[in-house]
Amino acid sequence: MRDVAVIGVGMTKWGELWEKSLRTIFVETALLALDDAGVDKIDSMYVGSMSSGLFVGQEHIASLLADYLGQVPVPSARIETACASGGLALRLGFMEVASGMSDVVLVSGIEKMTDVNGYEATYALGTAADQEYEGYHGITFPGLYALIARAHMEKYGTRREQLALVAVKNHSNGSKNPLAQFQFEITVDSVLNSVKVADPLRILDCSPITDGAAAAVLCPVEMARKMNKPIVKIIGSGHATDAISLSSRNDITWLEATYQAGKQAYAMADKKPEDIDILEVHDCFTIAEICVLEALGIVEKGKGGEAVEDEITYLDGKIPVNTSGGLKAKGHPVGATGVAQVMEIVKQLRGEADKRQIKDCRIGMAQNMGGSGGSAVVHIFERE
Amino acid sequence: MEGIVGYGAYIPRYRIKVEEIAKVWGADAPSYKRGLMLEEKSVPSPDQDTITMSVEAAKNALKRCLINPKDIGAVYIGSESHPYAVKPSGTVLAEALGATPEVHTADFEFACKAGTEGMYVVLNLVKTEDIKYGLAVGADTSQGAPGDALEYSAAAGAAAFIFGRDNVIANVLESYSYMTDTPDFWRREYQYYPQHGGRFTGDPAYFKHIIGAAKGIMDKAGMKPSDFEYVTFHQPNGKFPFRVGKMLGFEKKQIETGWLVNKLGNTYSGSSPLGLTAILDVSKPRDKILIVSYGSGAGSDAFIFEVTKGIDKVRDLAPKTRELLDNNRCYLEYGEYAKFRQKIKKAA
């Protein structure tokens with residue numbers, strides 16, 4: 001296997017991009033990544049997108065977007081594993097370059113979610129849950145994560161305020177990210193008094209509906225050296241699945257797919273949780289960040305709530321988590337999220353994260369998951 | 001100079017509280033009240049519609065100017081709830097006032113902007129001396145689908161303005177229109193309830209057009225926010241008028257007088273026109289007033305008025321808007337409300 005580097009990343013400001021279409025958002029983003037990498041020709045591309053069919057009525061987007069990027073006839077594939085689509089696009093691009101099949105691969109993710117109304121968006125997202133065992137009972141994602149939150153509170157004594165602190169921290173980080181959808185701070189009080197969505201979760205515990213894309217360019221490390229680019233290597237990659245229905249899991253507070261994907265990535269990278277300097281995780285709901293930190297072994301089982309309360313996951317903490325603002329503040333265009341996490345890690349490792357820059361970081365990790373944890377992708381990066 | 005010679009308001013006496021609606025749908029009333037700054041809204045009774053409310057408001061306007069109805073050369077009703085798809089509302093109003101048959105009548109429709117649209121046309125007919133007096137009414141019995149966010153605000157009311165050149169109580173210093181094709185809210189033929197683009201109705205719709213019209217008219221007139229005693233904007237909920245006012249540089253105290261929505265709801269074509277009637281009720285000679293409407297689809301009309309000494313003679317000749325809002329209220333339960341608004345129908 002060849003060593004693989006990320007040589008370019010790109011992302012435009014996320015939000016309610018009513019004036020831009022799916023293809024416009026994609027092309028603007030992909031061009032930024034190609035510019036950053038200093039290449040204008042790619043060998044192949046991957047696009048992570050959860051549900052362009054339900055959100056904008058367009059399937060077959062891998063070819064469409066390759067065409068509008070001016071790259072046909074290169075091979076282009078759309079990757080779907082719910083909200084982990086972007087992370088999986090990265091993994092497949094990584095495998096393609098590592099295997100020697102291609103040299104320069106563009107990996108990207110995109111979702112244009114505001115062309116439909118809130119009900120339609122909730123339905124589209126809901127298709128990532130088990131339709132027969134969950135969807136037909138009327139439960140939506142806030143409901144599923146509310147069950148996880150309630151169980152975590154019962155089992156480990158996690159408190160409502162600890163959930164709120166995750167959102168407070170991520171908004172604080174997002175306020176320092178000029179590409180984030182929400183660039184403002186919030187308080188524990190404002191979270192606790194925001195509109196109730198699914199008890200115990202309130203609106204400020206939930207990531208928003210977002211239009212956006214992210215892209216990264218991968219190539220062999222040897223090639224990157226010749227190009228004289230700052231090199232961020234992908235040193236570990238893991239991907240795992242779990243039952244997508246909560247009812248089929250032994251313990252709904254435990255994210256087994258994330259644990260398994262993390263185990264693979266740690267083994268490939270020959271790293272341990274304590275080696276990680278910065279972390280981007282899938283905080284689609286505040287409780288998710290708490291559970292992910294436990295599954296990745298960053299904290300002990302049941303201690304995720306304390307981690308944020310003790311501020312170890314803050315920008316100036318022992319292990320900063322979601323320095324980009326996370327899904328909560330940066331936004332969550334589902335298919336794009338996994339690639340945007342890479343963007344943040346690369347910016348941090350290159351020392352280009354401005355106001356939110358973490359000093360002396362060398363190793364970063366990104367964890368992206370689908371649905372309520374039925375799929376997970378974990379990557380570890382190292383600055384050379 | 002051309003301007004308003006008489007004005008009148010009408011608000012039905014029935015009300016329903018936000019809590020009563022929220023209770024039925026299992027919604028969180030406090031967050032609606034806090035988020036939208038709405039407490040209750042007016043409801044038309046079963047025998048009221050846009051035409052009957054227009055007649056009430058126009059009669060109040062006539063009381064304030066004491067002109068011969070035969071001298072009214074144009075009668076326009078702006079509404080998105082004209083009772084008939086085919087058959088004018090304006091003819092009934094013109095007949096009820098005794099303005100027929102030498103009168104031009106038309107019904108306007110431009111979502112919540114239709115009322116000020118009529119004002120715009122009447123003003124210009126008066127300016128060109130094509131007519132001596134003209135009447136423009138903004139009235140609606142607006143529709144909100146059961147359980148939709150609109151149900152908490154869609155209300156009923158009417159405001160009427162008679163424009164002329166003699167005995168003017170508020171001169172028009174400037175008028176201005178600003179619009180684009182922006183589909184944020186619509187109702188197709190044969191549909192009972194409108195659909196809307198959710199958050200899209202905010203920044204690219206309401207805020208863009210109101211700010212465009214307000215800045216445009218102030219530039220045209222060479223005026224700035226501090227030149228006005230009062231300002232009233234379209235009031236789809238309690239929050240938007242204050243937010244857009246702040247964005248433009250107005251202070252809360254300039255907005256509050258015409259801000260009726262917390263107790264009235266959104267009266268659509270009657271919304272900013274009713275705000276203007278509430279302001280005229282308390283304004284003094286030489287006060288300057290800015291009104292900016294908003295209609296989905298989308299556009300805004302803006303007018304700058306300067307109140308004259310005439311206001312003191314007519315103010316008390318008809319019921320004041322705040323009195324209509326605060327007095328004689330009758331609260332409905334959701335079931336009665338559903339019947340009144342024909343959301344449920346008795347089996348034949």
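**Entry 1**

I began with helix H1 (residues 18–25) of chain B, which lies across S2 and S3 of chain B. Its direction makes about 55 degrees with S2(B). I note here that the model is predicted.

I then looked up the sheet to which these strands belong. S3, S2 and S14 of chain B form an open sheet of three strands in the order S3-S2-S14, and the pairing is mixed. Strand S3 (40–43) and strand S14 (330–331) of chain B are at the edges with a single partner strand each, so one side of each has no neighbour in the sheet. I checked the S2–S14 pair: strand S2 (residues 14–17) of chain B runs parallel to S14(B), and two bridges join them. In this pair I found Tyr14(B) opposite Cys330(B).

**Entry 2: confidence**

I looked up the scores before going further. Chain B has an average pLDDT of 96, and 100% of its residues score at least 70. For the model I noted ipTM 0.77 and pTM 0.88.

**Entry 3: the nine-stranded sheet, chain B**

I traced a second open sheet in chain B, with nine strands in the order S5-S4-S6-S7-S1-S8-S13-S12-S11 and mixed pairing. From one strand to the next, the twist averages 20 degrees.

Within this sheet I picked out strand S6 (residues 133–141) and strand S7 (residues 156–164) of chain B, which are antiparallel and joined by eight bridges. Ala136(B) is opposite Phe161(B) of S7(B).

I looked next for helices on these strands. Helix H3 (residues 50–65) of chain B lies across S1 (3–10), S4 (72–78), S6 and S7 of chain B, at about 135 degrees to S1(B). Helix H6 (residues 202–221) of chain B also packs on the sheet, where it touches S8 (170–182), S11, S12 (288–292) and S13 (297–307) of chain B. The direction of H6(B) makes about 140 degrees with that of S8(B).

**Entry 4: a helix pair, chain A**

I turned to chain A and the packing of helix H4 (residues 85–99) with helix H14 (residues 337–350). Their axes are 5 Å apart and the angle is about 65 degrees; H4(A) and H14(A) are therefore roughly perpendicular to each other.

I listed the contact residues. From H4(A) they are Ser85(A), Gly86(A), Gly87(A), Leu88(A), Ala89(A) and Leu90(A). These meet Thr337(A), Gly338(A), Val339(A) and Val342(A) of H14(A). I sorted the residues of this contact into five nonpolar, five polar and no charged.

Definitions and conventions: Residues are numbered from 1 along each chain as its sequence is written. Chains are lettered from A and ligands numbered from 1 in the order in which they are written. This is a predicted model: local features need pLDDT of at least 70, side-chain atom pairs count only at pLDDT 80 or more; totals for chains, interfaces and linings use all residues. Two strands pair if DSSP finds at least two bridges between them. Helices (H or I, at least four residues) and strands (E, at least two) are DSSP runs, numbered from the N terminus. Two residues are in contact if their C-beta atoms, placed from the backbone, lie within 7 Å. Axes are lines fitted to C-alpha atoms, for helices over the stretch in contact, and angles run from 0 to 180 degrees between N-to-C directions. pLDDT is the predictor's confidence in each residue, from 0 to 100. Angles under 35 degrees count as roughly parallel, over 145 as roughly antiparallel, 65 to 115 as roughly perpendicular and the rest as oblique. Ala, Val, Leu, Ile, Met, Phe, Trp, Tyr, Cys and Pro count as nonpolar, Asp, Glu, Lys and Arg as charged, and the others, Gly among them, as polar.
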